[in-house]
Amino acid sequence: MLPWWLRSRKRFDKHVRKGFDSLFFLVGWTLWKERNARTFNGTAASPEAFLARKILEEANDWCLAGFKHLMSMLALL
């Protein structure tokens, strides 16, 4: 995963790379939280709901918390 991330981030202009990095870690964090919910709470989101809704909700929370670079990356999506 590390080689992919390092290659992929070079495709973006420098002013967008921090946003890409934040988005990369945000997706990993959201996957980890879903894994914990499935393991410890016995709950599971459908793939469609998980990929679209949960990741975007988490991204919105991060933006509200001050991750300015993430906002610039989300604008590209």
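Residues are numbered from 1 along each chain as its sequence is written, and side-chain values use heavy atoms, with hydrogens and water left out. Because the model is predicted, local features need pLDDT of at least 70 and side-chain atom pairs count only at pLDDT 80 or more, while totals for chains, interfaces and linings use all residues.

The C-alpha atoms fill a box of roughly 40 × 30 × 20 Å along the principal axes.

Next, select W4, W5, F12, F20, F24 and F25, which form one aromatic cluster. Rings of Phe, Tyr and Trp (its six-membered ring) pair if their centres lie within 6.5 Å, with planes under 30 degrees apart counted as stacked, over 60 as edge-to-face and the rest as tilted; by this rule there are seven aromatic pairs. Zoom in on F24 and F25, whose ring centres are 5.3 Å apart with planes at 85 degrees, so this pair is edge-to-face. Both are partly exposed, F24 with a relative accessible area of 22% and F25 with 45% (buried is under 20%, exposed over 50%, partly exposed in between, with a 1.4 Å probe and protein chains only).

Finally, select W32 and R35: R35 lies over the face of W32, at 4.8 Å from the ring centre (the rule asks for NZ of Lys or CZ of Arg within 6 Å of the ring centre and within 35 degrees of the ring normal).
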